[in-house]
Amino acid sequence: MEKKDIIQSFKDSLFTGLIALALFGPIVGLRTVSKGEGLFITPQWGVVFLLVGLCILGRFLININSARRTEFKIFSILSSKFSNVTEDKAKHFAITGILFAVVFPFLPFTDRYFMDVAIMILTYIMLGWGLNIVVGLAGLLDLGYVAFYAVGAYSYALIATTFGWSFWICLPLAGVFAAFFGILLGFPVLRLRGDYLAIVTLGFGEIIRIILINWYEVTNGPDGITGIPRPSFFGLPFKRSPDEGETSFHLFFNLEYSTMHRIIFLYYLILVLALITNYFTLKIRKLPVGRAWEALREDEIACKSLGVNPTNTKLTAFAIGAMFGGFAGSFFATRQAFISPESFTFIESAIIVAIVVLGGMGSQTGVVLASIFLIGITEMFRDLEQYRMIAFGGAMVLIMVFKPKGILANRKPTIFMHGDKK
Amino acid sequence: MSNLLSVENLTMKFGGLTAIDDLSFDAKNNQITSIIGPNGAGKTTVFNCLTGFYKPTNGQMFLHKEDSKISLRKYTDFKIAYVAKVARTFQNIRLFPAMSVLENLLVAQHNELMVASGYSLFGLLNLKRYRDKEQLAVDKAKYWLDIIGLTHRADDNAGDLPYGDQRKLEIVRAMCIEPRLLCLDEPAAGLNPKESAELNKLLKFIKTEKQTGILLIEHDMSVVMGISDHVVVLNYGKKIFEGTADQTKNSKEVIEAYLGVDE
């Protein structure tokens with residue numbers, strides 16, 4: 001590296017610092033504090049200089065790194081290593097991952113907080129896998145996926161609280177309702193593609209949320225639905241003192257009562273649901289309908305010229321994707337025991353789409369990695385309160401910079417003539 | 001030789017523009033019928049009418065079966081390929097680039113496989129009757145890949161093939177729906193002379209062995225004159241000449257349309 005390069009990158013870094021100063025100066029530097037009779041501005045120049053300094057240093061390091069010869073670049077080495085591991089050993093990774101997920105609740109460091117985060121990540125993985133059918137395979141950008149999640153949650157909550165049916169009956173019903181809404185959304189958007197489709201699905205998501213808020217007689221409006229029954233372990237409830245004539249889980253198995261039992265049961269429930277979603281998707285991808293989805297993503301006109309019915313193909317993608325969203329929704333309802341329209345805002349849809357896109361469109365393992373990365377990072381920085389969304393955004397930027405096609409972008413054919421070489 | 005396709009008084013108007021004007025012609029079984037003409041003559045529009053992408057303003061198009069005939073006007077969209085068995089390729093290649101060569105050929109057999117998989121139910125249960133059908137579909141794909149010499153690349157992405165191979169793949173993909181009429185829109189565009197010769201061989205094979213009528217739009221005269229049994233010449237949406245390849249070559253009207261009139 002020449003001296004000229006260093007001076008050049010130093011200048012560039014100073015310029016970056018200037019931009020950072022202009023941005024952080026007013027945003028971080030001038031903090032408003034409400035004291036007694038009014039609002040006061042407290043300057044925080046120390047923090048500003050720290051941030052600007054970090055930006056200058058970071059930019060300088062990036063410049064120096066990119067000036068080196070390609071094979072010595074830290075980031076490309078890192079990212080190629082990462083992709084080699086995951087591409088060659090995707091199967092190993094999947095098996096290890098599932099084994100780890102199975103023993104996770106019994107690891108010594110696992111506490112209530114870890115379990116909650118794990119359940120949340122698994123819920124997002126399941127939603128990601130469900131949406132992967134619509135976005136990743138069929139190529140229909142759906143920004144209103146949370147609507148099906150909401151339909152599933154409310155179907156479960158309403159059926160369970162009104163008729164008192166058990167979780168195992170309500171779960172498939174919730175899936176059926178969500179699939180029905182999937183078809184309902186599918187019909188008007190059949191002719192739309194790309195940006196237009198995204199806008200309409202976005203609107204659909206909002207419509208469902210607004211109906212949930214305003215249809216007070218049925219959905220209880222913004223107050224939400226409380227007292228949703230918890231799932232039972234094949235008829236054994238998780239209660240400290242069961243009702244007359246009932247045996248609860250800990251009495252039946254002769255265990256000390258612990259709230260963790262229910263959490264662990266919920267964990268395994270979502271794990272199984274998610275794995276079913278994954279298994280189903282992997283299977284159906286190899287069937288004619290799965291291939292038609294992918295063909296539709298590639299070229300709709302060519303599909304028509306080959307006699308593939310685009311209407312049916314799109315509707316099945318919407319319906320099946322929505323069904324898994326509905327399953328996840330009913331799990332969410334039974335876990336929380338309380339749902340309100342608050343939980344189904346656009347940001348949820350955005351997170352799920354981000355997981356699918358960042359994971360690598362259509363890649364099942366990619367969805368897992370992206371969920372762990374995005375949700376995990378957001379959770380790790382929970383103490384920063386509203387700033388944790390910066391961590392979320394930062395994680396997205398990092399993936400897009402180093403893996404522009406998503407974490408795992410390579411697609412494997414669904415069928416081989418000469419056998420799978422890898 | 002019996003008629004396969006008869007186009008009667010076909011007219012297609014886009015607003016004030018008449019793209020096809022009262023066009024009538026026939027295409028026969030086991031023959032290659034070429035449609036030629038200067039740029040903008042309305043050749044691709046004829047194809048789009050035939051294959052259900054446009055609804056013609058006027059006129060009829062009939063596909064003849066043994067004793068009956070079906071009107072192509074009744075079928076739009078995917079049903080042209082599915083019910084009427086008219087297949088087509090495109091001027092700009094439309095493969096599924098991120099899918100493998102084999103998968104491309106299986107998508108063309110979608111409808112049979114869909115029934116065989118019991119609309120996915122038997123497929124999800126992995127029943128033998130589905131697996132057997134799938135194997136048959138793979139065998140059919142292999143048969144066609146052997147013919148165009150691409151069997152060794154069956155598992156590669158279609159988008160990674162060289163241009164000439166993509167053209168051939170698109171044609172055999174259309175053949176996988178077992179069409180009665182195959183419409184090819186400029187299949188020789190962008191091919192080198194060696195590849196054009198291979199294309200001619202493939203088309204002759206399809207014509208004689210597969211008993212499929214071929215409708216061909218082409219600018220490459222070596223292809224048109226080499227293999228056409230019948231040539232229809234269009235200019236400004238009107239038919240100006242119809243005859244064999246040799247007659248076309250010597251026709252005054254055709255030469256005028258292509259080269260202009262001597263002053």
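These legends describe close-up views of a predicted model.

**View 1. The contact between chain A and chain B.** Chain A gives 27 residues to the contact. Chain B gives 31 residues. On the side of chain A that touches chain B, three helices each supply at least two residues: α11 (260-285), α12 (288-298) and α13 (300-305). The largest share comes from α12(A), with seven residues.

**View 2. Residue types on the side of chain A that touches chain B.** Nonpolar residues number 15 here. Five residues are polar. Seven are charged.

**View 3. The two assigned domains of chain A.** Domain 1 covers residues 3-68 in the domain assignment. Domain 2 covers residues 80-402. The C-alpha centres of these two domains of chain A are 39 Å apart.

**View 4. Helices and strands of chain B.** Chain B contains eleven helices. Ten strands accompany them in this chain. The C-alpha trace of chain B spans about 70 × 40 × 35 Å along its principal axes.

**View 5. How chain B is packed.** Chain B has 263 residues and a radius of gyration of 19 Å. A compact globule with 263 residues would have a radius of gyration near 18 Å, so the value for chain B agrees. Of the 263 residues in chain B, 44% are buried.

**View 6. Contacts along the sequence of chain B.** This view concerns contacts in chain B between residues at least 6 apart in sequence. Of these contacts, 67% join residues at least 24 apart.

Notes. Residues are numbered from 1 along each chain as its sequence is written. Chains are lettered from A and ligands numbered from 1 in the order in which they are written. This is a predicted model: local features need pLDDT of at least 70, side-chain atom pairs count only at pLDDT 80 or more; totals for chains, interfaces and linings use all residues. Two residues are in contact if their C-beta atoms, placed from the backbone, lie within 7 Å. Helices (H or I, at least four residues) and strands (E, at least two) are DSSP runs, numbered from the N terminus. Ala, Val, Leu, Ile, Met, Phe, Trp, Tyr, Cys and Pro count as nonpolar, Asp, Glu, Lys and Arg as charged, and the others, Gly among them, as polar. Domain bounds come from an automatic or database domain assignment. The radius of gyration is taken over C-alpha atoms; the globule rule is 2.2 Å times the number of residues to the power 0.38. A residue is buried if 20 or more other C-beta atoms lie within 10 Å of its own, exposed if 12 or fewer, and partly exposed in between; C-beta atoms are placed from the backbone.
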